[in-house]
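Thanks for coming. I have one model to go through today, and I will keep to what can be read from it.

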Amino acid sequence: MTESTTLDIWNPGWPDPFRPTVDADDEYADLVDALREVQEAVTRSLPTPEAAAEAAATLREVARQMRSHEVDEDTQIAGKRWDIPGKAHALAPVLHIDTVTDTTATGRVTVGRFHSGRYAMNGGVTPLIFDELLARLANSAGRPWGRTAYLNVNFRALAPLHTELTVTAELVGQEGRKRFLRGAMYHGDILVADVDGLWVELKPEQTQNISKDLEGRDR
Ligand SMILES: CCCCCCCCCCCCCC(=O)SCCNC(=O)CCNC(=O)[C@H](O)C(C)(C)COP(=O)(O)OP(=O)(O)OC[C@H]1O[C@@H](n2cnc3c(N)ncnc32)[C@H](O)[C@@H]1OP(=O)(O)O
């Protein structure tokens with residue numbers, strides 16, 4: 001079993017459309033951090049109508065600025081910074097991936113009120129976190145790119161906000177193109193959720209056509 005110490009490397013088995021074609025610099029990561037701050041602050045706020053209108057105008061101005069730098073999805077950076085927690089995607093919870101071996105992975109995550117259901121992690125966010133860690137493991141160790149076929153999540157206890165949770169993943173079996181994974185999320189010793197996932201290795205024609213298949217369907 002080989003320990004992988006290169007969490008940030010590009011796996012050569014992954015299809016090109018997922019690779020950023022320009023280098024992201026730290027200013028881009030900082031921009032996404034600032035956007036996360038906005039998401040959390042807006043979620044926590046009850047502004048006066050005047051303050052809400054002023055903030056909305058400011059945010060629309062930022063959107064206008066960003067639209068003038070628009071690129072296509074193959075070129076965008078968001079979701080592709082494999083080297084930083086949360087991959088520079090503002091929706092994704094900031095998952096710190098600590099270890100990835102051929103068959104296991106571990107990580108840590110803390111969420112705030114932006115990702116809250118009511119005083120605890122929203123039930124739609126838990127699968128996002130599992131998908132991130134299990135996908136990283138499923139698609140590591142030189143394995144060709146596979147796509148999530150299912151993620152069956154069991155919610156065992158409330159996952160607290162503002163508290164570090166640990167997440168584990170294990171590759172438990174492979175049959176042909178199918179990779180079976182299992183994962184768990186803990187608050188201390190308390191199991192808050194577990195998951196069974198299936199990744200199916202893409203056929204060559206499925207990876208070549210990723211961008212083409214989706215043309216015109218992303219708006
Ligand atoms: C917003 C979040 C922010 C994060 C941003 C991060 C960005 C980074 C992005 C990173 C990347 C993000 C990537 C993403 O987000 S992936 C997005 C989520 N996943 C998808 O959209 C996948 C959609 N589905 C497919 O593409 C196809 O169905 C796949 C490829 C999965 C299989 O279709 P394919 O035609 O190729 O294969 P097959 O049908 O011959 O099946 C083969 C075998 O598998 C078995 N099987 C298949 N399905 C299931 C099932 N559900 N339960 C049980 N078994 C199942 C099947 O029985 C057969 O078994 P066997 O008969 O051989 O024994």
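I will start with the overall fold, move to one helix and the core around it, and end with the ligand.

Before anything else, please keep in mind that this is a predicted model. The chain has 219 residues, and 20% of them count as buried. It contains 5 helices and 7 strands. Going along the sequence, the order is β-α-α-β-β-α-β-β-β-β-α-α. Of the contacts with a separation of 6 or more, 67% are between residues 24 or more positions apart.

On annotation, there is one item to report. UniProt, in an unreviewed entry, places the feature "domain: Thioesterase" at residues 121-189. In the model, that stretch is 20% helix and 45% strand. Its end C-alpha atoms are 17 Å apart.

Now the helix, α3. It covers residues 125-138, which is 14 residues. From first C-alpha to last it reaches 20 Å, close to the 20 Å expected at 1.5 Å a residue.

Which residues of α3 are buried? They are T126, I129, F130, E132, L133, L134, A135, L137 and A138. Note that the list includes a glutamate, E132, and a threonine, T126. As a reminder for reading that list, an α-helix has 3.6 residues a turn, so residues three or four places apart point the same way. And what covers the buried residues of α3? The cover includes strands β2, at 95-101, and β3, at 104-109. It also includes β4, β5 at 165-175, β6 at 178-187, and β7.

The largest nonpolar core has 25 residues, and the members touching the most others are I129, L133, L134, L137, L181 and M185. Two or more residues each come from β2, β3, α3, β5, β6 and β7. The most come from α3, which gives 7. Take I129 as an example: leaving out residues up to four places away in sequence, it touches P93, L95, V109, V167 and M185.

Last, the ligand. How many residues surround the ligand? There are 19, and the closest are G79, A92, T148, A149 and V200. At least two residues of this shell come from each of β4, residues 146-155, and β7, residues 190-201. The most come from β4, with 4 residues. By type, the shell divides into 9 nonpolar, 5 polar and 5 charged residues.

Methods: Residues numbered from 1 in each chain as written. Predicted model: local features only at pLDDT ≥ 70, side-chain atom pairs only at ≥ 80, totals over all residues. Near = placed C-beta within 6 Å. Nonpolar A, V, L, I, M, F, W, Y, C, P; charged D, E, K, R; others polar. Expected span 1.5 Å × (residues − 1). Buried ≥ 20, exposed ≤ 12 C-beta atoms within 10 Å, placed from the backbone. Contact = placed C-beta atoms within 7 Å. Core = buried A, V, L, I, M, F, W, Y, C linked by C-beta atoms within 7 Å. UniProt positions renumbered as here; feature names shortened; annotations may be inferred.
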